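Subject: Structure for your review

Hello,

Here is the structure we discussed. Please look it over before reading my notes below.

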Amino acid sequence: MTLLTIDGLGKSYGHTTALDDVSLRVEAGRRTAVVGPSGSGKTTLLRLVAGFEAPDAGRIELDGTIMADGPAHVPAHRRGIGIVAQDGALFPHLSVAENIGFGIPRGTPDRETQIAGLIDMVELDRAMLERRPHQLSGGQQQRVALARALGRKPRLILLDEPFSALDTGLRENMRKAVARVLQAAGITAILVTHDQTEALSFADQVAVLRGGRLVQTGAPRTLYLQPRDRETALFLGDAVLLPAHARDGHADCALGAVPIRAERQGRVEIMLRPEQIRIVPADEDGTGRVVDIEFGGAVCTVTVALEGTSLPPVAIRTSSLAPPALGDRVRLDIDGAAHVLDADGADRPPAP
Ligand SMILES: Nc1ncnc2c1ncn2[C@@H]1O[C@H](COP(=O)(O)OP(=O)(O)O)[C@@H](O)[C@H]1O
Ligand SMILES: [Mg+2]
């Protein structure tokens, strides 16, 4: 069932177009991530959905009710939407318990029990209920903010880069914890982030926002392996892009004949993810030479100059267990198929 339908949404601030013709559907009980660089319109999108601002164009429908459409506008407090801001935005003068219980009317018989249940849900110790926000770490504050939003039993929860202020390790833990909490409570969520790894691992559905436009929406795996265009490919992860000539399910490129799924013929640009490429020592039938090796802990980046081409060397991140040596002649073997990028992807309408 579709919980949220966004249709042709537009918003400008003076001469700045923050959102342009954005359409998105969010299924009930699922997690959507909207990912885009800073300034791409992520916060604006959340603010319009939450009802803090009205769109210039388009409509927003939640659970069968119009929230915004031209002059029609349901105010934020009547939308049943929870929002967790980037900085948590807790009330500094209130205890953790009062922050969490903010949306639960005083006099509700089991108010204390509900608050205790909520702090359990976000996996914090009940001993913290008496503390003030400044006595908590960043991650703990984020959990309290989430508990506060959940306390209002929202139909939809909006998360605006909630993990960006946290350290890498903590960030991963929080992401998993939040996904778990939402799953357990059956709450629909939209997370916005500039971090593609976060988006790909958190969500069932990922939407890529660029310059106020949604360029592509789909399952994380689909977007990662079949990005619409070069910019999306590079935004979602490391990629090796090569000019090629397509014919009958193959693309001839500097790495040899590589299988492709697209039924395309002629000049194309193909994309490979680095984990599809194996660097094999090959004195005889090598296609390149190792010109640089950068050790980076678990992975190292091996740069290979391709022979017989004027293409720039390709950088491949590979396991650092047994890297080739500088100057080695190598062959690059491919696992799976290469993806053919749209030559004019940026000009095409986004896929439904
Ligand atoms: N209240 C505002 N007044 C003027 N410009 C704004 C306002 N809010 C956002 N913008 C502009 O709209 C664009 C999108 O901003 P925002 O939605 O905050 O992006 P993101 O959250 O992806 O970083 C930016 O160019 C930003 O400067
Ligand atoms: Mg923002």
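Over the ring of which residue does the charged end of arginine 31 sit? The ring is that of phenylalanine 202, and the charged end of arginine 31 sits 5.4 Å from its centre. A charge counts as sitting over a ring if NZ of Lys or CZ of Arg is within 6 Å of the ring centre and within 35 degrees of the ring normal. Arginine 273 has its charged end over the ring of tyrosine 224, 4.1 Å from the centre.

Some conventions. This is a predicted model, in which local features need pLDDT of at least 70 and side-chain atom pairs count only at pLDDT 80 or more, while totals for chains, interfaces and linings use all residues. Residues are numbered from 1 along each chain as its sequence is written, chains are lettered from A and ligands numbered from 1 in the order in which they are written, and side-chain values use heavy atoms, with hydrogens and water left out.

Ligand 1

The shell around ligand 1 consists of Tyr13, Thr16, Ala18, Pro37, Ser38, Gly39, Ser40, Gly41, Lys42, Thr43 and Thr44 (a residue is near a molecule if one of its heavy atoms lies within 4 Å of it). By class, three of these are nonpolar, seven polar and one charged; Ala, Val, Leu, Ile, Met, Phe, Trp, Tyr, Cys and Pro count as nonpolar, Asp, Glu, Lys and Arg as charged, and the others, Gly among them, as polar. Strand 2 (16-27) and helix 1 (42-50) each supply at least two shell residues, and helix 1 has the largest share, with three. Helices (H or I, at least four residues) and strands (E, at least two) are DSSP runs, numbered from the N terminus.

- A polar side-chain atom of threonine 44 is 2.5 Å from an oxygen atom of ligand 1.
- For glycine 39, a polar backbone atom lies 2.7 Å from an oxygen atom of ligand 1.
- For serine 40, the distance from a backbone N or O atom to an oxygen atom of ligand 1 is 3.2 Å.

On its own, ligand 1 has 560 Å² of accessible area, of which the protein covers 58% (Shrake-Rupley method, 1.4 Å probe).

Aromatic pair

Searching the whole structure gives one aromatic pair. Phenylalanine 91 and phenylalanine 102 are 4.5 Å apart centre to centre, with 45° between the planes, and the pair is tilted. Rings of Phe, Tyr and Trp (its six-membered ring) pair if their centres lie within 6.5 Å; planes under 30 degrees apart count as stacked, over 60 as edge-to-face and the rest as tilted. Phenylalanine 91 is in the loop between strand 7 (81-84) and helix 2 (96-100), and phenylalanine 102, 11 residues apart from it, is in the loop between helix 2 and helix 3 (111-121). Phenylalanine 91 is partly exposed at 26% relative accessible area, and phenylalanine 102 is partly exposed at 45% (buried is under 20%, exposed over 50%, partly exposed in between; 1.4 Å probe, protein chains only).

Backbone

Most residues other than glycine have a negative phi. Aspartate 21, in strand 2, has a positive phi near 55° and is partly exposed at 47%. Aspartate 248 also has a positive phi, near 50°; aspartate 248 lies in the loop between strand 12 (240-247) and strand 13 (250-253) and is exposed at 63%.

Regards

How values were computed:
A polar contact is a pair of N or O atoms within 3.5 Å; within protein, one must be able to donate a hydrogen and the other to accept it, and residues adjacent in sequence count only if both atoms are side-chain atoms.
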